[in-house]
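Please look over the sequence and the model shown here before reading on.

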Amino acid sequence: MSFLSATLARVKPSPTIAVTTKARELKAAGKDVIGLGAGEPDFDTPENVKAAAKAAIDRGETKYTAVDGLPELKQAICAKFKADNNLDYAPAQVSVGAGGKQILYNALMATLNPGDEVIIPAPYWVSYPDMVLLAGGEPVIVEAGMDTGFKLTPAALEAAITDKTKWFIFNSPSNPTGAGYTRDELKALTDVLMRHPHVWVMTDDMYEKLTYGDFEFCTPAQVEPGLYDRTLTCNGVSKAYAMTGWRIGYAAGPEALIKAMGKIQSQSTSNPCSIAQWAALEALTGPQDFIPENNATFQRRRDMVVEMLNAAAGIECPVPEGAFYVYPSIAGCIGKTSPGGVKIDSDEAFATALLEEKGVAVVFGAAFGLSPNFRVSYATSDEALKEACTRIRDFCAALT
């Protein structure tokens, strides 16, 4: 009889973390490796945010806080939702956790029973299905391929809903594709959801402020007020404020759900780091002028990466609306052989050969539920991106 839980056998380690770890190990061993796997900005946390954290330490803000967030931070989150999304929430409707991942996990743990289904469009962030499985639910994967711009169609959503459906997880702009839904595209999905009042909506809006061109972000409860009472609107400071390591995520939704999530958190981690909470408060309420500056850098990198990858033999790379990822197809490379003798029969084989033969670390598409693709994070320097894309182009040109 195994000592480990049977539940653990239902899930797998994070592939994105595995790729990043492998790249670091190879670098430490002296290999020339360019890592394009990490999903975090290469910018430093803004100085005012760091100063707020230092001031909090000096004030002695080092004790336990309320389990699911400082009152001051919850007020700031309410103000953010009103200003950015025209959504009215009270502090009792807000939960703060140790990163967006904990917020999503708490909600799933607090609501899922065995047999409950959760609709997840693919490609998806790698953790969604495994969190559902850990919470005892069943992920229902619905493909949203390149032919629809990596966006779920209303017909596909409608077809996936059953009487067992409890949640629909919605992520825009998306990790791993960067695809963002327009208001009209989102309204078409919310129209479907309005016909199925037993289905709740869990939004992952972590990349809300990382959008490009004339794309305008919107979130489901903002587009369809009729969904307000069954939507958990999730966000955080990790991406827009370059605070991945500070581990602060938050969500707002119906008070009964927020209370249930707080119960889960009270018996697991308790409160998020007190210092990180004060830093997050400054992030949300302090100057925001650096965000468009950072976005201009991201957009320039996006355009360069898309152009260079589309020049590679066998690769097709769409232009994303947001986030800092591209998700190119390698359909034209499948069936070929690398100079090192690796048969490219999958995107995992492609990524493995690319790392071993060219020293470029990317995440293979199967990890995100849609193949044959790979994810590139362009949240790194222009020089590293140019060199990495050159190596990818050379790798593809040498396939036979």
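## Terms and basis

Helices (H or I, at least four residues) and strands (E, at least two) are DSSP runs, numbered from the N terminus. The model is a predicted one, in which local features need pLDDT of at least 70 and side-chain atom pairs count only at pLDDT 80 or more, while totals for chains, interfaces and linings use all residues. Residues are numbered from 1 along each chain as its sequence is written, and side-chain values use heavy atoms, with hydrogens and water left out.

## Pocket and cavity

On a 1 Å grid over the protein atoms alone, a pocket is an open set of points with protein on both sides within 12 Å along at least five of seven lines, a cavity is a set of points where a 1.4 Å probe fits but cannot get out, and lining residues have an atom within 4 Å of a point. Grid points are joined across faces, edges and corners, and a volume is the space filled by probe spheres set on the points. The largest pocket holds about 680 Å³ of space and has a lining of 29 residues, of which Gly39, Lys101, Trp125, Lys239 and Arg247 lie nearest its centre. Helix H1 (15–28), helix H4 (100–111) and helix H5 (127–134) are the elements that give two or more residues to this lining, and H1 gives the most, with five residues.

Two cavities of 30 Å³ or more are found in a search of the whole structure. About 110 Å³ of space lies in the largest cavity, whose 14 lining residues include Pro121, Pro123, Asn171, Ser174 and Tyr181, the ones nearest its centre. Strand S3 (117–122) and strand S5 (165–171) each give two or more residues to the lining of the largest cavity, and the largest share, three residues, comes from S5.

## Nonpolar cores

A nonpolar core is a set of buried Ala, Val, Leu, Ile, Met, Phe, Trp, Tyr and Cys residues joined through side-chain atoms within 4.5 Å; buried means under 20% relative accessible area, exposed over 50%, and partly exposed in between (1.4 Å probe, protein chains only). The largest nonpolar core has 78 residues, and those with the most contacts inside it are Leu108, Leu232, Leu309, Ile315 and Phe350. Helix H13 (residues 382–397) supplies the largest share of this core, seven residues. Apart from it lies another core, of 31 residues, which includes Val49, Ala76, Val94 and Ala280.

## Helix H2

In helix H2, the residues Val49, Lys50, Ala52, Ala53 and Ala56 are buried. They cover an arc of only 155° around the axis (taken from the directions from the helix axis to the C-beta atoms), which puts them on the same side of H2. On the other side of H2, Glu47, Lys54 and Asp58 are exposed. The buried residues of H2 pack against helix H10 (274–285), contact meaning heavy atoms within 4.5 Å.

Cys396 has its place in helix H13 and is buried, with a relative accessible area of 3%. Not counting residues up to four places away in sequence, Cys396 touches Ala312, Ala313, Ile315, Cys333 and Phe350. Cys396 and Ala312 are 84 residues apart in sequence, yet 6.3 Å apart in space, C-alpha to C-alpha.

Lys343 is found in the loop between strand S9 (325–326) and helix H12 (347–358), and at 48% relative accessibility Lys343 counts as partly exposed.
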